[in-house]
Amino acid sequence: MTKPVLLQMFPEELAAWLKELGQPAFRAGQVFGWLHKGAGFAEMTNLPLALREQLDQQAQANPVSVISRHRSQKEDTVKLLFSLADGHCVEGVLMRYRYGVTLCLSTQVGCRMGCSFCASTLEGLARNLSAGEMMGMVLLANAELKDDERVHNIVLMGSGEPFDNYDEVVRFLRLVSHPKGLNIGLRHISLSTCGLTEQIRRFAGEGLPVTLSVSLHAPDDALRAQMMPVARAWPMDALLDACRYYIQQTGRRVVFEYALVDGVNNQPEHARALAARLRGMQCHVNLIPLNHVPERQLRGVTRGQADAFLQALQELHISATLRREMGDDIGGACGQLRRRHLKKGADASLAVALDGTGEEKQ
Ligand code: SAH
């Protein structure tokens, strides 16, 4: 029988579980506090020794571990490869900005959304991540940082589609923002979806004031469907209606992501069509120069092309910015690091070269 993952539980659930061990309710608060500081059972020094031993035998603290770290040359980005209890691996990225550290977190192992430019989906979906696993990754990411640093912002923009793993993602958001735990402000969290329209409507009622990002990538259904199969299930009219509903219910603007692909969606007419679609909406457009994925035949844009598209949108009075590229020297695009690791695993002669610190030799 697999041991329960305590990081998966809210304090009330932890209290019910501890009650089975004959423990009083106040222990739940202590254990929750320790777990969310990243402590192992042995370090929970205000618990009786017998209970610490019992926890160690009967439960798991963090179900995730770090297998390798890849630092960008400027040291402003660290890509982490995490290993899960069943042998799967998944990635996360720490990015140092002037205003704090952002963690880009995965929500699934692989992805089944099939976007044409994305590396995460090339092998399809292996499985969903649990809330406990996502929590485990945040704690491990914190442990990678210097003493005066901690994860300040989280973007659910790693591999996977958060709304294809709705319940666990919502549980994770409530756990990571819990006042007795890490207490990361929901306003410091962004969730990015490829446009699962029913879930956008459902999420509007959760009372979770995160920033909702929606991957648009094209101004019309025909082009969007070429890039993103999800567009065949949910046309843009329905998607934008759901976004308007979200804005109206939550009072928060929606961010639209738009990956610029040379010769595909970066022409002046695309900027005009996009501006026309978004006119009057309380929204912001985040332009992302396409990160090159070797398996994909698509080309990114130059800085000049990206600036031109940005300017075209701004001249049409659409609020827009260009995302800074970080970590492209270390396989920064979604799913690239995991793929590299999987490929190496398949070829024993290329086994991952780890040294004592878990640092992968490039
Ligand atoms: N499933 C979610 C999260 C994906 S990752 C979603 O689709 O929104 C976050 C963003 O990175 C998405 O906008 C995604 O479309 C984009 N993305 C994926 N691969 C990319 C690449 N190679 N270059 C640039 N952006 C990419």
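**The ligand site and a helix pair**

Good morning. In this structure, 17 residues surround the ligand, and the closest are Glu-161, Ser-192, Ser-215, His-217 and Asn-291. Please keep in mind that the model is a predicted one.

A nitrogen atom of the ligand lies 3.0 Å from a backbone N or O atom of Gly-160. At Cys-194, a polar backbone atom is 3.4 Å from an oxygen atom of the ligand. With Glu-257, the side chain takes part: one of its N or O atoms is 3.2 Å from an oxygen atom of the ligand. How much of the ligand's accessible area does the protein cover? On its own the ligand has 530 Å² of accessible area, and the protein covers 95% of this.

I now turn to two helices. Helix H10 spans residues 268-278 and helix H11 spans residues 303-315. They pack at an angle of about 35°, and their axes are 9 Å apart. The crossing in which H10 passes H11 is right-handed.

Which residues meet there? From H10 come His-270, Ala-271, Leu-274 and Ala-275, and from H11 come Phe-309, Ala-312 and Leu-313. By class, this contact of H10 with H11 has six nonpolar residues, one polar residue and no charged ones. Thank you.

How values were computed
Residues numbered from 1 in each chain as written. Predicted model: local features only at pLDDT ≥ 70, side-chain atom pairs only at ≥ 80, totals over all residues. Heavy atoms only, no water. Near = heavy atom within 4 Å. Polar contact = N/O pair within 3.5 Å; in protein donor to acceptor, adjacent residues only side chain to side chain. Areas by Shrake-Rupley, 256 points an atom, 1.4 Å probe, with all protein chains shown as cover. Axes fitted to C-alpha atoms, helices over the stretch in contact; angles between N-to-C directions. Helix = DSSP H or I, 4+ residues; strand = E, 2+ residues; numbered from the N terminus. Left-handed = near helix turned anticlockwise from the far one by under 90°. Contact = heavy atoms within 4.5 Å. Nonpolar A, V, L, I, M, F, W, Y, C, P; charged D, E, K, R; others polar.
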